[in-house]
Every structure is written in structure tokens, then in C-alpha cells.
Amino acid sequence: MEYKKEGDEDYTTIATTEVTGLSAGKYYVRYMKTDSLNASLDKEVVIPEGQIQEQAAPDASGWVISHANTDTETKGNIEGLNDTMEYRKLGEADYTPVTGTTISDLNSGSYQIRYAATVSLKASPPVNVDIRKEAKEDREPPTAEGLIITPPTVAGGNDGRIENVTADMEYRKTDQGDYMPVSGTSIEGLEAGGYELRYAGTDTSNPSPTILIVVPDGTKQEQNPPSSEEVKAVNVSASGVKDGKIIGVSPAMEYRQDGSEATSWDAITGSEVRGLGNGIYEVRYKETATHYASQSLTVVINNPVVNPEPPTEIPPSTNAPVSVTTPTSTPTLTATPENIKVEGNLIKVLVPKVDTKTGVAKGAPIRQEDMNTALDHAQANGSKVKTILVEIPKAEGVSSYAVEFPAAAIAADHGNMKIEIHTGFGTVTVPSNTLKYVSGMKNIELVLSGLDPAKLHSGVKSVTTSKPVIALTVRVDGVEVVALNTPAEIRVPYTPDVEELANSRYLTVSYVAANSTFVQLLDGKYDSELQAMVFTTAKAGEYAVVYTKKHFNDVIKDSWYAQAVETMASKGFIEGTSATSFSPSQQVTRGEYLAWLVKTLGLKAEVNTTFGDIERTDLYYEEIGIAKALGIAMGSNGSFYPETEITRQDLAVLTMRALRAVEKTEQNSTAEDLKRFTDAVKVANYAVNDMAAMVNMGFINGRSNATLSPNVTTTRAEAAQVLYKIFLQF
């Protein structure tokens, strides 16, 4: 190819894969004329004014390094540099400019050399250079191959060990004091953590470089939730009196009231908890050194049951009075045939009653026999799940639609049934195990409300404008529940405007928190066939439709990666390095990419264990734990190395494992599919099939027409592009 700047007459030949040192302005790039071909048409490229460009790290292949020698009392030198560079000894704060082509008089140690920043260029990443002491022999570091790492038997224990070491080695816990000599073939009595292992120095040799060995923590075990057969509620004696109790508990448990803003749990000191008011409470086994906290059991403390006044009208089908004094698994109110109609798997609430004060439209409670009849007519899908449809007709002047049905309908152990409730404000689908850990309840009420944006908090109005804001409310025997054991799906009818329809990928849904801040949902999206916003949630509350288009100052408009970065960041799948910067040419780490991948595919799993180098407080703890639970992240020696930059072949392996975990691919690719690349032999055996599959599916391209560069690290822009292609396809 050849290029020229706008206004120049002559083109300049391009000698490598990039053109550097350009000022801002408009440039034209084309294929050169050959003996058999005319020059191609120009491709216009604009370099914006004032944008600071990235610099690649210096190429150290031509440098000449002379090491320090204590025997000859000479110091080290590094030759082959230039005065655009600067250097510092590792651990020092400031860099020193390079003058000439050589850095002289260097003591032994590690040095960092980089291109210095200029008005138009950022400082490049540094290259590390070691100046050794030549007086003693240098030894190669030990190899981790053959070492056996055994974690402590329990989490927090100190009986871990490293086996197959030798007596000429020494070790210490990472960055903690002096090395201790190894005696024998094993290191005993270790707690979880990182350990540095090396060959000890001798009279004739320096200590070798260290290798890091991670002893993972002992695995914490899961606990079953407390039994509803043992843990029970004792109702209050009168409304407003706090003399309710939870009995059948133990000091191994803890409790809290559901629906409150408090996140802390209260300890239980005996066999019962006293002084409680009516409401919904959660009880669970607390976390210990060896076990995670269990799932919670929901316990309902009710007001005392009061016999109602006899109804003024007795339904013609019975002469018996209505009774609510005997607890049953079905509602005490019986829907008349005029109010409820069952047609196949559809339950119709024919005449919902509208409360003129509250604006709530609610029909008669759905009976268990109505549910059973509809279930008998429902057809199971491929996952053997049956769906019951509930339809509440649209009514004028309504702010909410409510439906009541037996608690047993969504408190089952298994999600083999769904209830799909259609209202004027949208559709709510709840699985039969939505509240599977709730005990002692009778009736469930689901309410879907349409909120008026004009009456909302100013912070909410500024974001939603005229877009829908809905609220999901779940009540158990009249008491509101916030957390759901299994997510519900919600569909909100929405008609995008012209701009939104053309860019529907930026339409999403956010949860409106108590302080009117927005928490974006990762799976909120516009479904053009349903003409609705669709999302899932395991939390009752307010949800708003929003149009969010994220932009970063360092993402060049119309660049090959711009749409991928802006779309994926707007959806909440990836994030920038700051609020205004994405750093597209910066390398992406293993932890970053795996977290982006998990969020893009919406992967879910219980996080029971993690890697030895991942803490609960780490930014990507949850996503990496999910990937480990699903068999996507394997790690090495009990570690994942989340801060290490990810290579193209490792990116391919993690991505294909994730796609297989959610059954999104049936690709059976082999090394034969990579033959067109000249460096295909450089792909590691463990990555060949996955690399081939990514190429065949169009998720990865070669770095050129002929090369894959499997061991080259991946930029943040490249990672965003891979995930964007996956997002569009799945």
C-alpha cells in the first residue's frame, strides 16, 4: 500500500503493517499500481486533532546487555537504545531520560525501559531488563511439573503441603520475610496462599529465580436450609403486638426480617427467637470456617386468625358459611363460575373488581382446582415444563393489576410448571419454585403496576421521560416479599421511536433502587416480535425502560471496534478503564475477559468454590466463581491468574467452553481447519479445536490473511469485538 496526506501530491510507500509519527489530518491510503493492476481507489482515514496516541513497547531484540561482575568490579550496560526512551530501576518512582544509545554504570537488578511520553503520544508499556551479578553461577528456577499441591483439609486450616520438593530449595509465603530451607521431600503445615519456591544460593551459585506455588484453601461445604418441619412460626396474639416467635432453631442459625433494607443477619442464641412482630422472616444456617451459609428458609408470622362476619350473600352453589379458621393450602375465598373461567390451560379472570381509591384491579382468587384443571390441559415443552396462562382483562382508570392464587402454586421444590400472567401493563411469568423455601403460607398475591413517570423522583424522570416504569409486588399472606428464590420473567409492551428502533441494542431495563439510582439489568432487551421489553429478575421492585448509549472519548468514531465497544458497554457487559476512557489498545486480562464473557452470555450458577488467588472482595469474584462452577475456568495449580494478559488461544478456549456450557454450539472443528494459516503449528494442543471453531464461526479472524498469532495477547478492543459478534448471533 501507499499513503499521502490531504494536500500532498505524492504518495509514500508503506513498508510495514502500520504508519506511525503522523500529525492530525486527513490521509488517503490505497493499493499501489503494479505491472498488471492499476492503483486502487483511495480509503480516507482521519486522525483527529489532539488525541494522544498509544505507543508500542520498545523492541529489545537488538539490545546488547552487559551484566555486572563483582569479580572484575564492573557494572552493567544496556546498548542499542535511543534518546526517545527513559528508564528506571524497578521499585523507583521516576524515570530517567536516556542520553545517547547506552545506559551505563548499572548495578545488578531489574530495570524498566520505555518510550517517553510526548505531546501527541503516551508513554509506552515498559520492557523489563535484568542486570545480573556474573560472579556466581545463575541457576534455572525449579519447575512446578511433578509437584503435588494439597490444600488444607478444611477452609482456614493449616495442614496443606507441597510434595516432591528437594533439600536444595527454600521457600517463604509470598512477600513475607526470610526464606526457610526445605528439609526432606515435602513442605508441611501450610495454610492457604501463595508461596515462593526457589533453589537456595550456594558458594558458587546465586539463588535461582522463584516460582509461585498457590496452595488453595480447603473447600467450604454447602449446607441444606433449615427444615420447615422443625423451624416454625408462632403467630402474634394481636395485631401490633410483638410476641410472635420462631421455634425449632439453634445457635448455628441466624435470622432477619425479609423486605427490610438491612443486610446483616441477627445471631440466634437459643432454641427460639422471641419478641417478633407479624411479617416474613428468613432463617438460615450461618457461615462457618468449613461451610458456606445455607439457603434461607422463609417463615411467616401472621396476625391472629379472625372469623369474618357472615357474607351478606351466600353463593347459590352452597348453603354453608365461609370459614377461614382452618389452615389449608388453598384460599378460603371461593371464586364463583361467573368470575373465573378455565379454557384449556387458560384461566380467565372475567370481571376484575377495580378499587376506585387505589386503582387496583383484582379478580376473585384463583382456586387450586382451577389450577389443576388448567394444568391437566397444558402441554409440556422440551424441558418437560408446563405453562398455565392467566388473563386479566384490561380495565379503564387502573394503576395496578393483582391476582391471587394458592401459595403451593409457586412454592414447589422443582420448577416443572410456570404461571404466565397477562395484564394491561405487561406479562409476568413465575416458575413453580419461585418461593420454594417459604413455609407456613397460604396465599400469594402478584401485583403489576404501571407508574406515572411524571410523579416519580426527579432523578428517575430525567432518565425515563415518557418510557414505561412498572413495579412488581409480591405478597405472602398480605406481607410483601422482596427476594425471589427463582427469577421471574417480565414483558413490558413498548413501541420505540424511529431512532430507538434503528438502534434497539441500546434499549434496556434498569432496576430503580431506593435512592432513585439505576442498576442496569444485563438481560434487558427489546424483542421486536413481541414488541416488548423483556427481562428477568429475582427481586420485587420498580423497573424502568431506558435508552442508554455509552460513548468513550478514546474510541474513534466509525473505527472497526467502535460499535462493538459502545453496544457492549451500553448493555453493561463490559466497562471502560474510567467513565470517559475505554483504552482500546490496552491488553485485556484473563479476569476481565472471563467476567465480560459470563455477563454477555448471562451465565448463572451457585458459587461454591473459587481459586486460591481470587478473594471474595475481588471485582470479578462472582463471575469467575460462576465460570469455575460451570467448568469453563479450570486454572492451574489451584490458581486462575486473573491479572495476566490473555492470549488469543486462551480466549478461544474459554469462549468455546462457555458456549458449550449453554449449548450454543455444536462445532466440531479440528487442526485441518487452520491449515491456511502459516503459524497454525504454534497453536497449543489444548487450544487447536477451540481456535478452529472460533475461526469457523467467525468470532476470531487472523491477525493477517496468513497468520493467527495464537500466543499474542488480546487488546480490549479485540475482546469487545469477539463478544459483540457472539451477542449478535445468540
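Where does Y11 lie? Y11 is in the loop that runs between β1 (2-5) and β2 (12-13).

## Basis of the description

This is a predicted model, in which local features need pLDDT of at least 70, side-chain atom pairs count only at pLDDT 80 or more, and totals for chains, interfaces and linings use all residues. Residues are numbered from 1 along each chain as its sequence is written, and side-chain values use heavy atoms, with hydrogens and water left out.

Helices (H or I, at least four residues) and strands (E, at least two) are DSSP runs, numbered from the N terminus. Two strands pair if DSSP finds at least two bridges between them.

## Surroundings of Y11

Not counting residues up to four places away in sequence, Y11 touches E2, Y3, K4, Y28, R30 and D42; contact means heavy atoms within 4.5 Å. The side chains of Y11 and D42 are joined by a polar contact of 2.9 Å. A polar contact is a pair of N or O atoms within 3.5 Å; within protein, one must be able to donate a hydrogen and the other to accept it, and residues adjacent in sequence count only if both atoms are side-chain atoms. Y28 is 17 residues from Y11 along the chain, and their C-alpha atoms are separated by 8.7 Å.

## Aromatic pairs

The structure holds 10 aromatic pairs. Rings of Phe, Tyr and Trp (its six-membered ring) pair if their centres lie within 6.5 Å; planes under 30 degrees apart count as stacked, over 60 as edge-to-face and the rest as tilted. Y3 and Y27 form a tilted pair, with 6.4 Å centre to centre and 45° between the planes. Because Y3 lies in strand β1 and Y27 in strand β3 (residues 25-30), this pair ties together parts that are 24 residues apart in sequence. Y3 is buried at a relative accessible area of 17%, and Y27 counts as buried at 6% relative accessibility. Buried means under 20% relative accessible area, exposed over 50%, partly exposed in between (1.4 Å probe, protein chains only).

The ring centres of W560 and Y561 are 5.1 Å apart and their planes stand at 80°, so this pair is edge-to-face. W560 is exposed, with a relative accessible area of 54%, whereas Y561 counts as buried at 9%. Ring pairs also link Y511, F535 and Y543 into a cluster.

## Strands around β42

Strand β42 (residues 532-539) pairs with strand β38 (residues 483-493) in the antiparallel sense over 7 bridges. In this pairing F535 of β42 stands opposite I490. Strand β41 (residues 525-527) also pairs with β42 in the antiparallel sense, over 3 bridges, and A532 is the bridge partner of D527. β41 and β42 form a hairpin with 4 residues between them, and Q531 in the turn has a positive phi of about 50°.

D370 lies in helix α1 (residues 368-377) and counts as buried at 5% relative accessibility. The side chain of D370 makes a polar contact of 2.8 Å with the side chain of R367. Leaving aside neighbours within four places in sequence, D370 is in contact with I340, V342 and I347.

Helix α7 (residues 648-661) is mostly covered, with 11 of its 14 residues buried. What covers the buried residues of α7 includes α5 (590-601), α8 (688-696) and α9 (716-729). E663, which follows α7, has a positive phi near 55°.
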